[in-house]
Amino acid sequence: MYISAQICLLLLSLHTLTLSAAARRQRRNVLFIMADDLRTSLGCYGDSVVKSPNIDQLASKSQVFLNAYAQQAVCAPSRTSMLTSRRPDTTRLYDFKSYWRVHSGNYTTLPQYFKSRGYFTMSVGKVFHPGIASNHTDDYPYSWSLPAYHPASFRFEKEKMCKGEDGKLHANLLCAVNVTEQPGGTLPDMESADEAVRLLKTRVNDKTPFFLAVGFHKPHIPFRIPQEYLSLYPIDQMTLAPDPDVPKLLPPVAYNPFMDVRKRDDVQKLNISFPYGPIPKDFQLRIRQHYYAAVSYMDAQVGRLLGALDKLGLADSTMVVFTSDHGWSLGEHGEWAKYSNFDVATRVPMIFYVPGVTAAHGWLEGATFPFIDVLSKSEPSFKNYRVIKNVVELVDVFPTVSHMAGLRTPEPCPEVSFEEELCTEGDNLAYTFRHRERGEDEEAISFSQYPRPADTPQVNSDLPDLKDIKVMGYSLRSWDYRYTLWLGFNPKTFQVNVSDVHAGELYMLANDPGQDKNVYNDSDHSVLMRKMTSLPHTVSVQMRMKLQLLYLTAGMKSSRRKA
């Protein structure tokens, strides 16, 4: 018995070594899954309310980046930034109304890079933001081998599809439906999952490696979801956000008045005052209930897709990436939706499954991704075995996916890169798969930004057109701090005036993880600005803010030591 066990272990070791060597030689397929407006409300990110068993199962066999941040908390700018690995100040896309190849530079995208290296690339659902921002083609034919697929039922998302108490149909925020009564008897994410599975089946016997991107629409509003998912979250068990009030020292420029939420029929009936509300507490609970139900519905579609990948025998040769374009506020700081620089709006899930690297191959443990029906009431428990706690960014996705799939990683961009078609403004995180994390990295920083039309909340504060942007909020997130400066911005020249400070925010996360107590001090910053006058004008906003944060926090640490 002892000898048999030794032989099994030896064979297992040899097999693992063989697979690792083969993995280095062969290119992996890529299944790239994106959710829309998904914050880190997942079981694998420590949320005790949500039911997300399929994504949690994926995470248990993956590397999970616990602190990943978007570069701008709104769809088109974030997606364009992630898929080109360029920051919004390089894509120059802050709204939905320009195409980067015309507006800023002919930047190579992640799927385009794979296509140029011999991959067959496919897009299903919302990957690029549709419309002008992707040239009304989802960047086809540059990025995709086939025209992008969009579910036919999506056209009903903005129509009156929600049955109200009066028996009539409305364009509501809260829109749980009987799917059999919907046009075609389906919903967009169901259609996208069906199409993605169909495409996977076409690749089984094809030796050409593939890159399949699947963008699910939920939990984006409206919450038009199958009504049965609400049963997972009884309203009497829902709670309000832990910090539902607008912080006293929050600069008015930092507040987002959630206009897209306000415009829905059921919210308009509440007659909420502009800009600060608040939304009645009973309706807040229902919003949170519907958001969580939308997450569980989306999780089920992810589960269907991963289950098909497994059954088709592709799980051992396909890397899976799961992420989101940005988060969504659920009442924190008295805010709803995205459109801010807070963690709840910028922090996203980022999960990498790499066969033979993050988990053993399927033959060793049976099915890799068996579908889990969350409505069956069974609640399997999963554990994250590989986690990275240090701060990373969505611009890191492009170089990391490229490396882990077996392609050469794009070179880092120069300081000014408008003429560079292929380069990355992110970091290749491949080293994190090889080496165990050694505590906090104070040098690890993420940068986000958000534009505003004025210093006080306006009806277009959430999504100003480029021509209306007057202030840009640059936000730095480190292990210990979130530091934000609202600076004057010229939309004609795309120039920021680093000496024109409209407001500031500084949150000490050890004592204030919710970012409710702004300790930014105007007088301290005035002293700091004088110290920064000697810096060359070519020093970037990001570098200036890093130096400023070091100065500000050094003073705080010194004060604490003296106390």
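Helix α3 (residues 75-84) is mostly covered, with 10 of its 10 residues buried (buried being under 20% relative accessible area, exposed over 50% and partly exposed in between, with a 1.4 Å probe and protein chains only). Helices (H or I, at least four residues) and strands (E, at least two) are DSSP runs numbered from the N terminus. The structure is a predicted model, in which local features need pLDDT of at least 70 and side-chain atom pairs count only at pLDDT 80 or more, whereas totals for chains, interfaces and linings use all residues. Residues are numbered from 1 along each chain as its sequence is written, and side-chain values use heavy atoms, with hydrogens and water left out.

The buried residues of α3 are Cys75, Ala76, Pro77, Ser78, Arg79, Thr80, Ser81, Met82, Leu83 and Thr84. They pack against β1 (29-35), α4, α5 (100-103), α6 (110-116), β9 (318-324) and α12, contact meaning heavy atoms within 4.5 Å. Just after α3, serine 85 adopts a positive phi of about 60 degrees. Cysteine 75 has a relative accessible area of 2% and is therefore buried.

The largest nonpolar core comprises 87 residues, of which Leu212, Ile287, Phe322 and Trp328 touch the most other members. A nonpolar core is here a set of buried Ala, Val, Leu, Ile, Met, Phe, Trp, Tyr and Cys residues joined through side-chain atoms within 4.5 Å. Helix α10 (residues 281-311) makes the greatest contribution to this core, with 16 residues. When residues up to four places away in sequence are not counted, isoleucine 287 touches Leu173, Leu174, Phe223, Ile279, Trp328, Leu330 and Trp336. Apart from this core lies another, of 38 residues, including Val30, Tyr113, Met350 and Leu429. In soluble globular proteins, nonpolar side chains tend to be buried together.

Leucine 187 is found in the loop between β6 and α7 (188-203). Its relative accessibility is 0%, so leucine 187 counts as buried. Leaving aside neighbours within four places in sequence, leucine 187 is in contact with Ser153, Val177, Val179, Gln182, Arg224, Ile225, Pro226 and Tyr297. The C-alpha atoms of leucine 187 and asparagine 490 are separated by 42 Å, and the two residues are 303 residues apart along the chain.

The count of disulfides comes to 2, a disulfide being a pair of cysteine sulfur atoms within 2.5 Å. With bonded cysteines counted along the chain, the pattern is 1-2, 3-4. Because cysteine 162 lies in strand β4 (residues 162-163) and cysteine 175 in strand β6 (residues 174-177), the pair ties together parts that are 13 residues apart in sequence. Both cysteine 162 and cysteine 175 are buried.

Cysteine 413 is joined to cysteine 423 by a disulfide, with an S to S distance of 2.0 Å. The torsion about the S-S bond of cysteine 413 and cysteine 423 is about 90 degrees, so this disulfide is right-handed. Cysteine 413 counts as buried at 17% relative accessibility, as does cysteine 423 at 3%. Cysteine 75, by contrast, is in no disulfide, and the nearest cysteine sulfur, that of cysteine 175, is 18 Å away.

Pockets were identified on a 1 Å grid over the protein atoms alone, a pocket being an open set of points where a 1.4 Å probe fits, with protein on both sides within 12 Å along at least five of seven lines; lining residues have an atom within 4 Å of a point. Grid points are joined across faces, edges and corners, and a volume is the space filled by probe spheres set on the points. The largest pocket has a volume of about 1,500 Å³. Its lining consists of 50 residues, of which Arg87, Glu415, Glu425, Ser540 and Gln542 are the closest to its centre. At least two lining residues of the largest pocket are supplied by each of α4 (88-91), β13 (386-393), α13 (431-434), β17 (495-508) and α15 (541-562). This lining divides into 22 nonpolar, 13 polar and 15 charged residues, where Ala, Val, Leu, Ile, Met, Phe, Trp, Tyr, Cys and Pro count as nonpolar, Asp, Glu, Lys and Arg as charged, and the others, Gly among them, as polar.

The second largest pocket holds about 880 Å³ of space. It is lined by 28 residues, of which Phe96, Lys158, His220, Asp260 and Tyr339 lie nearest its centre. The lining of the second largest pocket comprises 11 nonpolar, 6 polar and 11 charged residues.
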